[in-house]
Amino acid sequence: MSWGTELWDQFDNLEKHTQWGIDILEKYIKFVKERTEIELNYAKQLRNLSKKYQPKKNSKEEEEYKYTACKAFLSTLNEMNDYAGQHEVISENMTSQITVDLMRYVQELKQERKSNFHDGRKAQQHIETCWKQLESSKRRFERDCKEADRAQQYFEKMDADINVTKADVEKARQQAQIRHQMAEDSKADYSSTLQRFNQEQWEYYHTHIPNIFQKIQEMEERRIVRIGESMKTYAEVDRQVIPIIGKCLDGIVKAAESINQKNDSQLVVEAYKSGFEPPGDIEFEDYTQPMKRTVSDNSLSSAKEGKPELKFGGKSRGKLWPFIKKNKLSLKLGATPEDFSNLPPEQRRKKLQQKVDDLNKEIQKETDQRDAITKMKDVYLKNPQMGDPASLDHKLTEVTQNIEKLRLETQKFEAWLAEVEGRLPARSEQARRQSGMYDGQTHQAVTNCAQDRESSPDGSYTEEQSQERELKVLATDFDDEFDDEEPLPAIGTCKALYTFEGQNEGTISVIEGEMLSVIEEDKGDGWTRIRRSEDEEGYVPTSYVEVYLDKNAKGAKTYI
């Protein structure tokens, strides 16, 4: 089957059909474009939805996400964010693999179609010109034959007329001969033109047009194949993200299965447990014996009769605190006591522990800063051209004072924590084991401090002689410990940007372009610790190297 032989006379219809094919292809491109826009909008809406329900930082809502149900919901939001990303991938792949490719192909197809039909029209124009030449030759031959007949008839008439002179007859005879000769020439020209036209017409219908239509047929078939391949790609783009979307959905299912109602119930207990014991029975007060009347420790009126005695673990007036109004003065001031004495014991312990942990983090931060300044000062002492060591004294003194203040603050809160827990403050179990004698000496002081606090009905504690009886706990200094037995692991690599001559102790020389291992990044002092081999390491100025940290290495930091 060939269009050149089957459709040799359907030039105009083929032109319309091929244009329709291009229109169909452009319509499919438009369809894919709109699909990519839908995917992008859907992904954007999913991301906005996920962001909308994310907990706000440093808010009460963020604290609620400690419950397993809330954690599962947060995981769902994160998975939906990844789910949205896959729809963005669909949009990107459809644009790059279908839309862009087909738009380029459409332009090429239009050019090829234009060229083919231009050749067809050119062949049509040529055969039409040949036909016109044939018609012109035919009409000229017909006209010359008629003129020759008239000239012959005129000659015969003149020859038969006796009144005509011999000269006139001879002239008519010559004119007839001329016309006959012209007719013969026209006949020969018409014959050759007809033969030439038949040859051109045969080539037109059996060679030129079949070849052109064959090219048009191949072009159209390539278009059909191309649109079919694009439809397959359309489906494959969707199929490629199905496994990842499945993982996102599996993640949501896994998060849902991780919900533990018992764990959430325990968290509620930890969040709101007061630490008080339920009130005991109220003893009977016998008013028939006024002289022997006694007031029960569990009576509600005992709060007016005298100061209660603070007892840990036993029955006390504190059991009634949850049912008595809060201290009006505290409510008016609206301020929380520094030792959180307005809270129930269990909640107070948690607040104090959190405060101690925060202070220890601040101490560690200040200690790292002090170490960095000390290291920088040592570098300045060894290399005066890099800076003035005296310029760091003020900052070093300020940091040291901050550390001392934080340590005193930590001691104070550890003492209050020990008071609540019924033990002395300690940094770790090992420290408590190593300081048994010190614990024995300070235990009495802490106990006295606890007994000197007055218990109030609202659950707060008041100090009568806080200035005279303030507990002092000695703190141990933080010493820097370095383990030099094993070499530090490499956390990345670096490239020397310039040549550096390490002439001072602790430095190492590098050559421009040299690649080395990084074992300690810059901590703010302007120096990076590197290693050339197992036995050759030292510091170089950070500005002399370009560092490439390994994100998976322990201790590596990522700067964004």
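Predicted model: local features only at pLDDT ≥ 70, side-chain atom pairs only at ≥ 80, totals over all residues.
**Helix pair.** I started with α9 (residues 345-382) and α10 (residues 393-421). Their axes come within 9 Å and cross at roughly 160°. Anything over 145 degrees counts as roughly antiparallel, so that is what α9 and α10 are to each other. I looked up the handedness too, and the crossing of α9 and α10 is left-handed. The residues of this contact split into 14 nonpolar, 8 polar and 14 charged.

**Aromatic pairs.** I got 13 of them in the structure. Trp-8 and Tyr-205 make an edge-to-face pair, with 5.2 Å from centre to centre and 90° between the planes. Trp-8 sits in the loop between α1 (3-6) and α2 (11-52), while Tyr-205 is in helix α5 (residues 166-257), so this pair ties together parts 197 residues apart in sequence.

Next I looked at Phe-31 and Tyr-234, a tilted pair at 5.6 Å centre to centre and 40° between the planes. This pair links helix α2, which holds Phe-31, to helix α5, which holds Tyr-234, across 203 residues. Phe-31 comes out partly exposed at 40%, whereas Tyr-234 is buried at 18%, the cut-off for buried being under 20%.

I also noted one aromatic cluster, made up of Tyr-498, Phe-500, Trp-527 and Tyr-544.

**Strands.** Last, I went to β5 (residues 527-533) and β6 (residues 536-541), which pair in the antiparallel sense over 6 bridges. A hairpin of 2 residues joins β5 to β6. Across the pairing, I found Arg-529 opposite Tyr-539 in β6.

Conventions
Residues numbered from 1 in each chain as written. Heavy atoms only, no water. Pairing = 2+ DSSP bridges. Helix = DSSP H or I, 4+ residues; strand = E, 2+ residues; numbered from the N terminus. Axes fitted to C-alpha atoms, helices over the stretch in contact; angles between N-to-C directions. Parallel < 35°, antiparallel > 145°, perpendicular 65-115°, else oblique. Left-handed = near helix turned anticlockwise from the far one by under 90°. Nonpolar A, V, L, I, M, F, W, Y, C, P; charged D, E, K, R; others polar. Phe/Tyr/Trp six-rings, centres within 6.5 Å; stacked < 30°, edge-to-face > 60°. Buried < 20%, exposed > 50% of the residue type's maximum accessible area, 1.4 Å probe, protein only.
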